[in-house]
Amino acid sequence: MTIRVRREDVIPNPSEPASARAHVCVLASLNYPDIDEHDAGLVRRFTRTALETLVSLGASFELWDTSTPLENPSAAADFNGVLLLGGGDVDGSCYGVCEPNPKSYGVDLRADRDAFAVIAAAESAGRPIFGICRGSQLLNVARGGSLIGDIEDYRLHHGGPGEPVFVDEPIDVVAGTRLAAILGAERVVGRNGHHQAVDRLGRNLVVAARALDGITEGIEDPDRFYLGVQWHPEDTDGSPADRMRLFGAFVDAAEQARQSTAVAAAPAE
C-alpha cells in the first residue's frame with residue numbers, strides 16, 4: 001500500500017488538553033488501497049480537524065490507524081468512547097454482496113474486520129460510539145445492515161466529473177431523535193462527497209437524518225450513544241457550530257462513561 005499520509009501529518013499541536021475530561025480511541029484509515037493525492041489531502045485535513053476538535057473540547061485521544069493491522073482491537077473497551085472517521089468503501093462481502101461494485105474504491109477487508117472488532121468491544125463495554133461517513137456505514141454494517149453500492153442519482157451527494165467532489169447538501173434531521181436534540185435544527189447543511197449510503201438498517205437502529213431525495217444521512221440507536229452521520233462535520237468548509245455540537249455531545253457522553261466507570265470501580269465502603 002502506498003503511504004501518502006503520515007501520523008505526524010494529522011497530530012495537532014497541542015496534542016492533548018491541559019486537563020482531560022475523557023480519553024477517546026480514534027479509528028482512522030490514514031491510507032487505503034489506491035488512495036490518490038487529492039484524497040490524501042482530505043484525510044490529512046479532516047483527521048487533523050477532528051483531533052483538534054477533541055482536544056479543544058477537553059478530550060485526550062489515541063489514534064489507531066487501520067492502514068496496518070491493529071494489535072488488540074478489544075482494547076477499545078479501555079477508552080471512554082470511540083470515534084470512527086472516514087476512508088475507503090466497506091467491502092461488500094461484509095453485508096452479503098459477493099460481486100465488487102465497479103465504482104468502489106479503497107476497499108480493505110482486513111481494515112473493516114479490525115473496525116468491527118473495535119465496535120464490538122466498545123459496545124460490550126457500554127462506551128459511546130460516533131461514526132462519520134465510512135464510520136457511520138461501519139456502524140450500520142456492524143449491526144447487520146447493508147449499504148447502497150453506488151448512488152445512481154448522485155447530484156445531491158457529490159460533484160460530477162470535472163467538478164469539486166464535495167458539495168453543500170441540505171439534510172433534514174428527524175424530529176425526536178438524539179441527533180435532533182444535538183443539532184437543535186430541523187435542517188442542516190452538511191459537507192458531502194459520498195457515493196455509498198445506508199440501505200437496510202442494522203438491528204435496533206433508526207434513521208436520524210435524510211437527504212432531500214430520501215437517502216439516509218444519519219443513523220442512531222435510540223437507547224444508547226451509537227450515532228453515525230454520513231456527512232463530514234470535520235470539513236473546515238462546513239459549519240463550525242454543527243461540528244462543535246456533534247463532537248461536544250460525543251465528548252460529553254464519553255465523560256459520562258468515564259465517570260460511570262470510576263463509580264463502578266470504586267471500592268465499597
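This is a predicted model: local features need pLDDT of at least 70, side-chain atom pairs count only at pLDDT 80 or more; totals for chains, interfaces and linings use all residues.
Local features require pLDDT of at least 70 and side-chain atom pairs pLDDT 80 or more, while totals for chains, interfaces and linings use all residues. Residues are numbered from 1 along each chain, and side-chain values use heavy atoms, without hydrogens and water.

At its start, a side-chain oxygen of aspartate 36 comes within 3.3 Å of the backbone nitrogen of histidine 38. Just after the helix, glycine 58 has a positive phi of about 95 degrees. Buried residues of helix 2 include Leu42, Phe46 and Leu54 (buried, under 20% relative accessible area; exposed, over 50%; partly exposed, in between; 1.4 Å probe, protein chains only). The buried residues pack against helix 1, strands 1, 2 and 3, and helix 6 (contact, heavy atoms within 4.5 Å).

The structure holds 23 salt bridges (a side-chain nitrogen of Lys or Arg within 4 Å of a carboxyl oxygen of Asp or Glu). Glutamate 37 pairs with arginine 44 at 2.8 Å; glutamate 37 is partly exposed at 41%, as is arginine 44 at 22%. Aspartate 172 and arginine 187 form a salt bridge at 2.7 Å. These residues lie in strand 6 and strand 7 respectively, so the pair ties together parts 15 residues apart in sequence.

Conventions:
Helices (H or I, at least four residues) and strands (E, at least two) are DSSP runs, numbered from the N terminus. A polar contact is a pair of N or O atoms within 3.5 Å; within protein, one must be able to donate a hydrogen and the other to accept it, and residues adjacent in sequence count only if both atoms are side-chain atoms.
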